[in-house]
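Have the model open while you read.

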Amino acid sequence: MNLQGKTIVVTGVSSGIGAEVARVARFAGARVIGMDRNDPSLTLDGFVKADLGAVATIDAAVAQLPAHFDALCNIAGVPGTAPVKLVGEINYLGLRHLTEQVLPRIPRGGAIVNVASILGAEWPLRLEQHKALAATQGFEAGAHWLRDRPVAQETCYQYFKEALIVWSAMKSQKWFLEHGVRMNCVAPGPVFTPILGDFVSMLGQERVQADAHRMLRPGFADEIAPVIAWLCGDEARWVSGANIAVDGGLASTYI
Ligand SMILES: NC(=O)c1ccc[n+]([C@@H]2O[C@H](COP(=O)([O-])OP(=O)(O)OC[C@H]3O[C@@H](n4cnc5c(N)ncnc54)[C@H](O)[C@@H]3O)[C@@H](O)[C@H]2O)c1
């Protein structure tokens, strides 16, 4: 993988998958600017500390980013054990706002990678809802739409990952045609990171046991990160609008 000369902004850089993406991308030659609400514990080329779940803090953070950069990796996220409002704001509305704000800074040939999840796989069941949410213009309009259509706490993580997959698909071709910027999702299965325990509480032992019999083991962050980093580079120049499972084959067993 060659990311020489690229500048890549990575959210969620201070832990888990985001930290690995930063490491892999730098190793491949990229300059990496991290964004997170927590301080990073790895070497970066720049860091912006920010809460990526609110418009004002996102806008303040965007003001600190370079005028131009080549790729944005949206990796920051919280599990469904967090309050439903926060899950929506961080995993979907904030991600969407950040992406729309920085799109003009990404030149032709650039890329956006959104980390979804295997838990977003059931998006076809709620496609019309997700399309309607995707059609809302901006953070506040999205939040307003959601206030009128409350999402259940138990399944909010799944709901917003589904919504992210649908929004990404709906926007990607327009942005590829108009801006020459590719946008893809990566959908990991369970990964050994600090939030894996929250997923176990969120899903319950029954579901976790059922999945455990259908995969070798949970993945490691360094097995997800190279796919995300590769999507940022020129080798992936014809990959756009995809949702790529990186899950040790787990999603294939749902068919
Ligand atoms: N670990 C898994 O099993 C798994 C599986 C599928 C998808 N994912 C997704 O992968 C992404 C990364 O998760 P991870 O497993 O590396 O978890 P993690 O907890 O190790 O990392 C998440 C990072 O996001 C940051 N973050 C959270 N909320 C933020 C906010 N409001 N503002 C700024 N930064 C914020 C955290 O500080 C942390 O550094 C998430 O989007 C998650 O939903 C994880």
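The points below go from the ligand to its pocket and then to the cavity.

1. First, the ground rules. This is a predicted model, where local features need pLDDT of at least 70, side-chain atom pairs count only at pLDDT 80 or more, and totals for chains, interfaces and linings use all residues. Residues are numbered from 1 along each chain as its sequence is written, and side-chain values use heavy atoms, with hydrogens and water left out.

2. The ligand has 31 residues around it, the closest being Ser15, Asp36, Tyr157, Val191 and Thr193 (a residue is near if one of its heavy atoms lies within 4 Å). By type, this shell splits into 17 nonpolar, 10 polar and four charged residues; Tyr and Cys count as nonpolar here, Gly as polar, and Asp, Glu, Lys and Arg as charged.

3. Now the polar contacts (pairs of N or O atoms within 3.5 Å). A backbone N or O atom of Ile17 is 2.8 Å from a ligand oxygen, and a polar backbone atom of Ile75 is 3.0 Å from an oxygen atom of the ligand. From Asp51, a polar side-chain atom lies 2.9 Å from a ligand nitrogen. The protein covers 96% of the 820 Å² of accessible area that the ligand has on its own (Shrake-Rupley, 1.4 Å probe).

4. Which pocket does the ligand take up? The largest one, meaning that more than half of the ligand's atoms lie within 2 Å of the pocket's grid points. A pocket is an open set of points on a 1 Å grid over the protein atoms alone, with protein on both sides within 12 Å along at least five of seven lines; a cavity is a set where a 1.4 Å probe fits but cannot get out, and lining residues have an atom within 4 Å of a point.

5. That pocket has a volume of about 910 Å³ and 43 lining residues, with Gly77, Tyr157, Thr193, Ile195 and Phe199 nearest its centre. The lining is 26 nonpolar, 11 polar and six charged. H1, H6, H7 and helix H8 (205-212) each supply at least two lining residues (helices are DSSP H or I runs of at least four residues).

6. Last, there is one cavity of 30 Å³ or more. The largest cavity holds about 50 Å³ of space, and helix H3 (residues 84-102) gives the most to its lining, with four residues. The lining has five nonpolar, three polar and no charged residues.

Definitions and conventions. A polar contact is a pair of N or O atoms within 3.5 Å; within protein, one must be able to donate a hydrogen and the other to accept it, and residues adjacent in sequence count only if both atoms are side-chain atoms. Grid points are joined across faces, edges and corners, and a volume is the space filled by probe spheres set on the points.
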